[in-house]
Amino acid sequence: LYDADLYDTWVKITQGKVEQPGSLIRSRFGGEYVITDLRHTNFLKQAQLDPALTEVYRDKYAVIFAVKP
């Protein structure tokens, strides 16, 4: 309710519908890290191709990416 457009952007990112989402995560959300579970496979594919995101941790449940400034 606070910002429907921002929410829609977040949904598109999590669904893997945004190519190279790192710069958008940094600029729109101010995010320095992204934490996701392994079920968001489409997002993970986009994140792994994005030079603005660096995987810093992974286990059998989740992945953490650092977002470059």
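**Ground rules.** I am working with a predicted model, where local features need pLDDT of at least 70, side-chain atom pairs count only at pLDDT 80 or more, and totals for chains, interfaces and linings use all residues. Residues are numbered from 1 along each chain as its sequence is written, and side-chain values use heavy atoms, with hydrogens and water left out.

**Fold.** I looked up the secondary structure and found 3 helices and 3 strands in the chain. Helices (H or I, at least four residues) and strands (E, at least two) are DSSP runs, numbered from the N terminus. The order along the sequence is α-α-β-α-β-β.

**Dimensions.** I checked the radius of gyration, taken over C-alpha atoms, against the globule rule of 2.2 Å times the number of residues to the power 0.38. For 69 residues a compact globule would come out near 11 Å, and the chain agrees, with 11 Å. The C-alpha trace spans about 35 × 25 × 20 Å along its principal axes.

I took contacts as heavy atoms within 4.5 Å. Of those between residues at least 6 apart in sequence, 47% join residues at least 24 apart. I also looked up burial: buried means under 20% relative accessible area, exposed over 50%, partly exposed in between (1.4 Å probe, protein chains only). Buried residues account for 35% of the 69.

**Surface and charge.** The accessible surface is about 4,900 Å² (Shrake-Rupley method, 1.4 Å probe). Carbon and sulfur atoms hold 55% of that surface. For charges, I counted Lys and Arg as positive and Asp and Glu as negative, leaving out His and the chain ends. Each charge is placed at NZ of Lys, CZ of Arg, CG of Asp or CD of Glu. The mean positions of the 9 positive and 9 negative charges lie 5 Å apart.

**Salt bridges.** I searched for a side-chain nitrogen of Lys or Arg within 4 Å of a carboxyl oxygen of Asp or Glu. The structure holds 3 such salt bridges.

- Asp5 pairs with Arg28, with the closest N and O atoms 3.5 Å apart. Asp5 is in helix 1 (residues 4–14) and Arg28 in helix 2 (residues 22–29), so the pair ties together parts 23 residues apart in sequence. Asp5 is partly exposed at 46%, and Arg28 is partly exposed at 34%.
- Arg39 meets Asp37 at 3.2 Å, N to O. Arg39 is exposed at 71%, while Asp37 is partly exposed at 21%.
- Arg58 pairs with Glu55 at 2.9 Å between the closest N and O atoms. Arg58 is partly exposed at 39%, and Glu55 is partly exposed at 36%.
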